[in-house]
Amino acid sequence: IKILDLATGTADVAILLGKAAERYTTSSSSAVLGLDPSQNMLNVGIDKVKHADLSNIVSLKLGDARKLDSLDDNSINAATIS
């Protein structure tokens with residue numbers, strides 16, 4: 001399962017999703033992708049993900065919710081934005 005958290009900011013929602021996904025994820029690939037247009041916000045989020053020991057579950061990337069060309073079709077099972 002792959003969950004997309006749009007406008008992830010400092011990754012609070014992505015971390016919550018990652019903690020839930022951790023119980024069900026058997027692969028080594030990330031289950032949660034957080035996307036945000038602000039590198040400064042992502043930098044804070046990256047530290048928080050590391051601190052939560054979820055780097056193998058949650059990945060954060062610079063991006064815009066209005067332009068998701070970098071994502072493969074049918075690669076996301078669920079999405080959230082808050």
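A contact means that heavy atoms lie within 4.5 Å. By that criterion, residues 24 or more positions apart account for 84% of the contacts in the chain with a separation of 6 or more. The model is predicted, so local features need pLDDT of at least 70 and side-chain atom pairs count only at pLDDT 80 or more, while totals for chains, interfaces and linings use all residues. Residues are numbered from 1 along each chain as its sequence is written, and side-chain values use heavy atoms, with hydrogens and water left out.

**Overall fold**

Two helices and four strands make up the secondary structure of the chain. Helices (H or I, at least four residues) and strands (E, at least two) are DSSP runs, numbered from the N terminus. Their order along the sequence is β-α-β-α-β-β.

The radius of gyration, taken over C-alpha atoms, is compared with a globule rule of 2.2 Å times the number of residues to the power 0.38. For 82 residues a compact globule would have a value near 12 Å, and the 12 Å of the chain agrees with this. Along the principal axes, the C-alpha atoms fill a box of roughly 30 × 30 × 20 Å.

**Surface and charge**

Accessible areas come from the Shrake-Rupley method with a 1.4 Å probe, and for residues only the protein chains shown count as cover. The chain exposes about 5300 Å², of which carbon and sulfur atoms supply 51%. A residue is called buried under 20% relative accessible area, exposed over 50%, and partly exposed in between (1.4 Å probe, protein chains only). Of the 82 residues, 34% count as buried.

There are 8 positive and 10 negative side chains, and the centres of the two sets lie 2 Å apart. Lys and Arg count as positive and Asp and Glu as negative, while His and the chain ends are not counted. Each charge is placed at NZ of Lys, CZ of Arg, CG of Asp or CD of Glu.

**Nonpolar core**

A nonpolar core is a set of buried Ala, Val, Leu, Ile, Met, Phe, Trp, Tyr and Cys residues joined through side-chain atoms within 4.5 Å. The largest one has 13 residues, and Val49, Val58 and Leu60 have the most contacts inside it. At least two residues of this core come from each of α1 (12–22), α2 (39–51) and β3 (58–62). The largest share, three residues, is supplied by α1. Not counting residues up to four places away in sequence, Val49 touches Ala11, Ile15, Leu54, Ser55, Val58 and Leu60.

**Selected residues**

Leu42 lies in helix α2. Leaving aside neighbours within four places in sequence, Leu42 is in contact with Thr8, Gly9, Asp36, Leu60, Lys61 and Leu62. The C-alpha atoms of Leu42 and Gly63, 21 residues apart along the chain, are separated by 10 Å.

Thr8 is found in the loop between β1 (3–6) and α1. With residues up to four places away again not counted, Thr8 touches Ala14, Gly34, Leu35, Asp36, Leu42 and Leu60.

Ala7 lies in the loop between β1 and α1, and its phi is near 55°, a positive value in a residue other than glycine. Asn74, in the loop between β3 and β4 (78–81), has a positive phi of about 60° although it is not a glycine.

| Residue | Relative accessible area | Class |
|---|---|---|
| Leu42 | 1% | buried |
| Thr8 | 7% | buried |
| Ala7 | 34% | partly exposed |
| Asn74 | 81% | exposed |
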